[in-house]
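Please keep the sequence and the structure open while reading.

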Amino acid sequence: MAVPDQPRSLRFEDAEDIGSNDSANPAFADILAERFSRRDLMGGMLATTAMAAVLSPAALLTGCAEDVSATPNFNFPEVAAGANETHYVAEGYNAQILIRWGDKVVTGAPAFEAAKLSADAQAMQFGYNNDFLGFIPIGGRSDLGLLVVNHEYTNEELMFAGADPTAKRGKRFANMTPQQVAVEMMAHGGSVIEVKREGETWKVVADSKYARRITAHTEMEITGPAAGHDKMKTSADPDGRKVLGMINNCSGAITPWGTWLSCEENFNGYFWNKKASPNSLHAAALQRYGAPSEWYSWGKFHDRFDIAKEPNEINRFGWVVEIDPFDPASTPKKRTALGRFKHEGAGNVVNKDGRFVIYQGDDQALDYIYRFVTRGKVDEARREGNKDLLDEGTLYVARFDADGSGVWLPLVFGSGPLTRASGFTDQGDVLIHTRIAADLVGATKMDRPEDIEVNWKTGKVYCMLTKNKERNAFSADAANPRADNAFGHIIELLPAGGDHAGPTFRWEILVKCGDPGSGNVGATFNPATSANGWFANPDNCVVDAEGRLWVATDGNSIDSTGRADGLWGLETDGKARGTGRLFFRCPVGAELCGPCITPDSRTFFVAVQHPGQSTGGRVSTFESPSTRWPDFDPETPPRPSVVAITRTGGGKIGV
Ligand code: FEO
Ligand code: CA
Ligand code: CA
Ligand code: CA
């Protein structure tokens, strides 16, 4: 079907399909030669050994024969794939709307009025486009806890009457008023809510002492090696240590000490003034980060988002923010040691030597996978002992070699090419320009790395590579093998010796996504996968207390796959490896974010983001949205919402 001239089906992440990485990593000729030699080797092994019948890719990865008796781990009646105006959950489960855009978060918040949005109200209400969800138990309970939520971005065409639905990116929302921009800024950031299950019903605890809204105006501290750096100083903050707000926070993580890691992603879209001509070094950095993009009008009304007026403000975004959700007065901290790029998530693990390890994806076509290892060890006795753990450590970027091995390349000032000769002045400079440093050390360009999670049970790490249409036959490599990769794949990393801080890893592709019944797609789901069980465009993921991987998607549509986005269980081991199973299906236009399951495996929280967004040829607006989910009130636009899913009558999910 022909796609009309870029209707509002364009989403911010679509711009991330366009890579900004024109580095020469690695030499394509080398990759091609190695790729085919490895493929031949693998094919030879499978064809000529009697083990072929029992060796799965997982077994090849670990070198161990698999447990052929393994049975599927997901036990629920599958949802039928498709797309319409509402959501579906597996039979025998309840999906309850927990909180919606505009609902009350902090004490005194007014009721939501779609026709009368105001910044003051929005600052106290639940923000737009819920993405990451993290459940932090209170008192060790799975029926009482804090739910922390990222509010990634705003869909003006669905929020404001009269917003031009055909506005193109670059001129998007150029006619927004200062009042509307103020609403947008308050709809970004995050929320902390206290949630409680009574019987099978989840409720937001009213007037909780923990309730908090974080917005584009919340004061934050800059910590770690880039704090106080000359390139972090602005006229409002001559010390380079304080910044207002976090923006485009996508996925994230919860630490073992109960803090929330909230990850800034497409910060480039908020900065203004393409006509500015910064000095050449700054210009190169801006190009590599895709800035300024002028997706929003913020720079029209706020000098700090105009790079001609405040050239360094942009350096203060693109970080991982650590927040203590138990203290609503605490100052969020931007942890610069973790690097600056378009962060998706922060899958983490306490390494066997006690150090804390965070895996991270940089969500853009042809960008990289990173790993941060703390210098110190996690203090398991004292929460306070981990207060500044994330400020010291080493950031690495991944190189995937064609023989199935991989190397973590350190991004340390003074080592390799990361010297003054390359233009870096110190470690802070390396971190502010993480992408450029990673280009120089020879990282492997990936197919848009989104969420990443460690399976606590097996030690394997899963990274969602959502898609990459910029990949072509010449740039395809072993880890990103499909040209014009429209449907994405999932890659599995196994740290050598089970050491998450070690220098090397092995890797294998878990599944190439898309319709396995379509010959030219090349999908590799297990043949046991039903017509509903395959998916495309993996984005968010979570590993539950049973050690099972759940995958949420962003990009399925009637046009691309004939189905809405949703949540699939995906087998990772044994004979069932690569079998998908559809558990929850989104309403039209939405992507599914934030899958988060309670420690007792009895509740799944999922974030339905941008319901009713334009998709394919259907232009969706405030006046005429493609769905009015979840209220279905003729006066109310669709509202991004968190859904709590429980089993009817109680019990573990999918067991
Ligand atoms: Fe915000 Fe990469 O998704
Ligand atoms: Ca995402
Ligand atoms: Ca996740
Ligand atoms: Ca995505």
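The text below covers the chain as a whole, its cores, its sheets and its calcium ions.

**Basis**

This is a predicted model, in which local features need pLDDT of at least 70 and side-chain atom pairs count only at pLDDT 80 or more, while totals for chains, interfaces and linings use all residues. Residues are numbered from 1 along each chain as its sequence is written, chains are lettered from A and ligands numbered from 1 in the order in which they are written, and side-chain values use heavy atoms, with hydrogens and water left out.

**The chain**

The secondary structure comes to 9 helices and 31 strands, taken as DSSP runs numbered from the N terminus (helices H or I, at least four residues; strands E, at least two). Of the 655 residues in the chain, 61% are buried; buried means under 20% relative accessible area, exposed over 50%, and partly exposed in between, with a 1.4 Å probe and protein chains only. The accessible surface is about 22,600 Å², and carbon and sulfur atoms account for 53% of it (Shrake-Rupley method, 1.4 Å probe). Among contacts between residues at least 6 apart in sequence, 67% join residues at least 24 apart; a contact means heavy atoms within 4.5 Å.

**Nonpolar cores**

A nonpolar core is a set of buried Ala, Val, Leu, Ile, Met, Phe, Trp, Tyr and Cys residues joined through side-chain atoms within 4.5 Å. The largest one has 79 residues, and Ile247, Trp298, Val397 and Leu411 touch the most other members. Helix α5 (residues 178-187) supplies the largest share of this core, 4 residues. Leaving aside residues up to four places away in sequence, Trp298 touches Val181, Glu184, Met185, His188, Ala216, Ile247, Tyr270 and Phe305. A second, separate core has 43 residues, among them Tyr93, Leu510, Val608 and Val643.

**Sheets**

An open antiparallel sheet of 9 strands runs in the order β14-β15-β17-β18-β19-β24-β23-β22-β21; strands pair if DSSP finds at least two bridges between them. Its edge strands, β14 (347-350) and β21, each pair on one side only. Within it, β17 (residues 369-377) and β18 (residues 393-400) pair over 5 bridges in the antiparallel sense, and Arg371 has Tyr396 in β18 as its bridge partner.

Another open sheet, of 5 strands with antiparallel pairing, has the order β1-β28-β27-β26-β25. Strands β1 (88-89) and β25 (538-543) stand at its edges with a single partner strand each, so one side of each is left without a neighbour in the sheet. β25 pairs with β26 (residues 549-553) over 5 antiparallel bridges, and Val543 stands opposite Leu549 in β26.

**Calcium ions**

Donors are N, O and S atoms within 2.8 Å of the metal (3.2 Å for Na, K and Ca); water is not among the atoms, so sites may look incomplete.

| Ion | Protein donors | Distance | Spacing |
|---|---|---|---|
| calcium ion (ligand 2) | Glu344 (OE), Glu450 (OE), Asp539 (OD), Asp539 (OD) | 2.3 to 2.7 Å | E-x105-E-x88-D |
| calcium ion (ligand 3) | Asp451 (OD), Glu453 (OE), Cys541 (O) | 2.2 to 2.4 Å | D-x1-E-x87-C |

Glu450 coordinates both the calcium ion (ligand 2) and the calcium ion (ligand 4), which are 3.7 Å apart. Distant parts of the chain are linked here: Glu450 lies in strand β21 (residues 449-454) and Asp539 in strand β25, 89 residues apart. Glu450 and Asp539 are buried, and Asp451 and Glu453 are also buried.
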